[in-house]
Amino acid sequence: MFINKLKLSVFIFGTYFTGKALGAWKMGGDISCHDPTIIQESDRWYAFCTGEVLTTENGGDTWVRAPQVFLNKPSWWGSTVPGQSGLDVWAPDLEVFNGRTYLFYSISTFGKQNSAIGLASAASIGAGSWKDEGVVLTSKEGDAYNAIDPNLVIDQSGKPWLAFGSFWTGLKIVALNPSTMRPTGDIYSIAARSSSSAIEAPTITYHDGYYYLFASIDKCCSGVASTYKIVVSRSKNINGPYVDKDGNSAMETGGSLFDTGNERWIGPGGEDVSGSVIARHAYDAEDNGVSKLLVSPLRWSNGWPTY
């Protein structure tokens, strides 16, 4: 099945810019976004967001809406997650593996465990003609995890893994069969919090001998009343154990604080790392708490990431 549009926003951005807001790129145009994933293809940047797709115009800092991926629901959505509404797709993740662009995404209902991670693929974003690859992972009430917030990670040996999870018993990771892109083997627990179940949105990147796990904690989706924050932990092995800056287990602390926002940008989270940049959303206190896309260079200091 080929699909022309996906209910995900895409922004396109062509050149690196820096500004003063948390070290963010200069951002113009339509940057309304939630749970971004960001990727560069040729001279353009794309940001796929919950319900939206954005892209940058040629060589500039102005972001515009791009064509959607899903025009109609794949047939398996309704039977797998009966409560899922319309083309409401959550927390997409874009990665290139073995020369093909993979789009993992979530379908669910807010606060429920009846969820699924789906997959679409294309030769490239620019080429379009996305192929529905079906369901990858599901969860139901009573499971130890919630099958949303996927992140495809390629380890240093070239093996694909899928990190995922939201609330319940925390964040997980499982190896994928590189031919089918389906889970194979054990599901590992990589981060949780003893003080709260509020942890989600894993994204993993490799740097100088360590895998770094970024995650979002606390309350999302409440505009300027949001208390979302980004945390980070690291491990020598992609499947853990991860520890925070103080050496404490990320299964207890979730990680060390990385980004708590500022007076204007409230509740940063839903982050994604792509090469040397990190994207996330935050709620704009100067614009009625609208969720917007922020992108910054990702730098390193004493073995840990920083802006």
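Biologist: Which residues lie nearest the centre of the largest cavity?
Modeller: The model is predicted, so local features need pLDDT of at least 70 and side-chain atom pairs pLDDT 80 or more, while totals for chains, interfaces and linings use all residues. A cavity is a set of points on a 1 Å grid over the protein atoms alone where a 1.4 Å probe fits but cannot get out, and lining residues have an atom within 4 Å of a point. The largest cavity is lined by 15 residues. Nearest its centre lie Ala91, Pro92, Pro150, Gly270 and Glu271.

Biologist: Which elements give two or more residues to that lining?
Modeller: Elements are DSSP runs numbered from the N terminus: helices (H or I) of at least four residues and strands (E) of at least two. Residues are numbered from 1 along each chain as its sequence is written, and side-chain values use heavy atoms, without hydrogens and water. The elements asked for are strand S8 (90–97), strand S16 (199–207) and S20.

Biologist: What is the volume of the largest cavity?
Modeller: The structure holds 1 cavity of 30 Å³ or more. Grid points are joined across faces, edges and corners, and a volume is the space filled by probe spheres set on the points. For the largest cavity this gives about 130 Å³.

Biologist: Which strands stand at the edges of the open sheet?
Modeller: Its 3 strands run in the order S20-S21-S22 with antiparallel pairing, where two strands pair if DSSP finds at least two bridges between them. Each edge strand has a single partner, so one side of it is left without a neighbour in the sheet. These are S20 (265–274) and S22 (290–297).

Biologist: Is Ser42 buried or exposed?
Modeller: Ser42 has a positive phi of about 55 degrees although it is not a glycine, and its place is the loop between strand S4 (37–41) and strand S5 (44–50). Buried means under 20% relative accessible area, exposed over 50%, and partly exposed in between (1.4 Å probe, protein chains only). At 68% relative accessibility, Ser42 counts as exposed.

Biologist: Where does Pro241 lie?
Modeller: Most peptide bonds are trans. The bond from Gly240 to Pro241 is cis, with omega near 5 degrees. Pro241 is in the loop between strand S18 (229–235) and helix H2 (250–253).

How values were computed
On a 1 Å grid over the protein atoms alone, a cavity is a set of points where a 1.4 Å probe fits but cannot get out, and a pocket is an open set with protein on both sides within 12 Å along at least five of seven lines; lining residues have an atom within 4 Å of a point.
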